[in-house]
Amino acid sequence: MNENKRIAFNSVIIYLRLCVVSLISIILSRVVLDALGVSDFGLYNVVGGIVLLLNVINSSMTSTTYRYLAFEIGKKENGNPNKIFNTSRIIHLAFAALIVLVGEPLGELYIINYLNVASESIPDAQFVFRLSIIAAAINTIFVPNQGLLVAYEKFRATALIDIISNLVKLGLILLFIYSDTNRIRLYSIIMLSYTVINSLAYYMYCKKYHNDVVACSLNKDRRMYKEMVSFSSWTLFGAFANVGKSQGSVIIINYFFGTIINAAYAVARQVEVFIMMFARSLGSAAVPQTTKSFSAGDLQRSISITSRISKYTFVLMALISFPVIIEIDFLLGLWLKDVPNGSAQFCQLIILGNLIGCLGEGIPNLINACGKIKAYQVIVHTIMILGLPISFVLYKMGYNPYTICIVYCFINFLNSFVKLIMLRRVVKFDVIDFMKISHFRILLMTIPLVIYYLFIPSQTTNVGHCMNFVGAFIFFLVILWGFGLDNLERNKAKSFLKNIIFN
């Protein structure tokens, strides 16, 4: 299969998976919010959210595994994926032990001394946290299996595993709403069960179809451990910064405003997760090809993929985000029975911040492929984490709860240019050419979209809201065709449409 077609095919598979998983998540979010209530939902977001946040770390660690495996696969000779996999397995076992030994006492300390919650809810918070730590450790142990499937571009397998696991979770949670026991504890047990099922499914698939790679062997090459730990440590620095930003935002909001505002922020974060999963699917599909091209010495193709991914990721996210931002109140009302106050404003600002953050989305993949990640991780993520102390000071001065989202809009804008500078240091390429392909076209699209948003009339009926949503979607496609695509891309789009219509 042509490599560009492979990226497109993998993107379609990832999109289908995301459609199913997102639909399940939308159903579950409403069920869980109704069953737990706003306060317990906010409490789980603060305490049980450790699983979601450590999954961010695990996703980052997965990148270490698939980077080295894809690099090894891309070698024309003398590749040894089994050696890489077993080295990664030892590293992740050590990290899982670290999560339990360090995370558990620190979490207990925070819950007892700093968590802004009623005293009678402390035992529930401790129970939720302990199960979350166990789930995070289990997920970490099986990270190399996920990385293996990404490196071999087995996206159909990952899609099937994730869909089945989420359907099982859906079934368990639909039973949970009829339970009269402590619901927040039962929900924690269900989430732990989901983690175990998903992790074992990845393990069994790899054992059956890639046993030669996952077969246990002891790698005594200390240099390899040192190299992968070094790469992982800097990747983890970025992951911890992301966790610090996400959970730090939750903790700061809880400290100043309590669990009710936490619930509104949690709803916005779930909307963010849905949209970002779709937006970044193209980048996920392109990661193995970027790494393999670089490993094979084809630097020009790696740069070309990176610049296009940066542009297309923004386009895909904006395609979903633009109508959502315009009709967020209506959509939240359809989704949730009781919408926490402030959810719509949080949603709009978080989506805007992530749209800005999509500029240069493909750059981290190419830097990872090069292996020179230290300076990038330190500079980009240090700038990102500075948003927390800045927001804390602004809250102290009396600013409203949405301030932290505005701060991160500015930080993401700054980092979009820092990423370009860092890539220029690692790989010699034409920055202006890169910006013409991605940033310039995005700017041309943004101006009419902003004007449309400012002047679109508000609606009071369901029909009017639906027309607004559809109209915004169509308007975006018109602007994309007129300003977002270059001549080559328009010709390819025309050819693609002709093939669909006439063949």
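Me: Rings of Phe, Tyr and Trp form a pair if their centres lie within 6.5 Å. In this predicted model, which residues do ring pairs link into a cluster?

Reply: The cluster consists of Y255, F256, F257, F392 and Y395, joined by ring pairs.

Me: How many aromatic pairs does the structure hold?

Reply: There are 13 aromatic pairs in the structure.

Me: What makes the pair of F256 and Y395 tilted?

Reply: The ring centres of F256 and Y395 are 5.4 Å apart and the planes meet at 50°.

Me: How do you know whether F256 is buried or partly exposed?

Reply: F256 has a relative accessibility of 25%. Buried requires under 20% and exposed over 50%, so F256 counts as partly exposed.

Me: Why is Y395 called buried?

Reply: Its relative accessible area is 4%. That value is under 20%, and therefore Y395 is buried.

Me: Why is the pair of F346 and Y402 called edge-to-face?

Reply: The planes of F346 and Y402 stand at 70°, with the ring centres 4.9 Å apart. Since planes over 60 degrees apart count as edge-to-face, the pair is named accordingly. F346 lies in helix α14 (residues 343–357), whereas Y402 lies in the loop between α17 and α18 (403–426), so the pair ties together parts 56 residues apart in sequence.

Me: What makes F346 buried, and what makes Y402 partly exposed?

Reply: F346 has a relative accessible area of 1%, which is under 20%, so F346 is buried. Y402 has a relative accessibility of 22%, which is between the limits of 20% and 50%, so Y402 is partly exposed.

Me: How do you know that the charged end of K169 sits over the ring of Y194?

Reply: The charged end of K169 is 4.2 Å from the centre of the Y194 ring. The distance limit for a charge over a ring is 6 Å. K245 is likewise placed over the ring of Y408, 4.8 Å from its centre.

Me: Why do D124 and R185 form a salt bridge?

Reply: Side chains of opposite charge can pair when their charged atoms come close. For D124 and R185, the closest N and O atoms are 2.8 Å apart. This lies within the 4 Å cut-off, so the contact is a salt bridge. D124 is in helix α4 (residues 122–141) and R185 in helix α7 (residues 183–209), so the pair ties together parts that are 61 residues apart in sequence. D124 counts as buried at 15% relative accessibility, while R185, at 28%, is partly exposed. The structure holds seven salt bridges.

Me: What separates R223 and E227 in helix α9?

Reply: The two residues are four residues apart in that helix, so about one helical turn separates them. They form a salt bridge, with the closest N and O atoms 3.1 Å apart. E227 is partly exposed, with a relative accessible area of 32%.

Me: How do you know that R308 and E489 meet in a salt bridge?

Reply: The N to O distance between their side chains is 2.6 Å. Because the cut-off is 4 Å, the pair qualifies. R308 in helix α12 (residues 299–326) and E489 in helix α22 (residues 487–502) are 181 residues apart, and the pair links these distant parts of the chain. R308 counts as partly exposed at 22% relative accessibility, whereas E489 counts as buried at 9%. A network of salt bridges links R308, K311, D486 and E489.

Me: Why is V102 called partly exposed?

Reply: V102 has 39% relative accessibility, a value between 20% and 50%, so V102 counts as partly exposed. V102 is located in helix α3 (residues 81–113). Together with L98, V100, L101, L106, L109 and Y114, V102 forms a nonpolar surface patch of about 710 Å² of accessible area.

Me: How many helices and strands does the protein have?

Reply: The protein has 22 helices and zero strands. Of its 503 residues, 54% are buried.

How values were computed: Residues are numbered from 1 along each chain as its sequence is written. This is a predicted model: local features need pLDDT of at least 70, side-chain atom pairs count only at pLDDT 80 or more; totals for chains, interfaces and linings use all residues. Side-chain values use heavy atoms; hydrogens and water are left out. Patches are made of residues with over 30% relative accessible area and no salt bridge: like charges are joined within 9 Å, nonpolar side chains (Val, Leu, Ile, Met, Phe, Trp, Tyr) within 5 Å. Accessible areas come from the Shrake-Rupley method with a 1.4 Å probe; for residues, only the protein chains shown count as cover. Buried means under 20% relative accessible area, exposed over 50%, partly exposed in between (1.4 Å probe, protein chains only). Rings of Phe, Tyr and Trp (its six-membered ring) pair if their centres lie within 6.5 Å; planes under 30 degrees apart count as stacked, over 60 as edge-to-face and the rest as tilted. A charge sits over a ring if NZ of Lys or CZ of Arg is within 6 Å of the ring centre and within 35 degrees of the ring normal.
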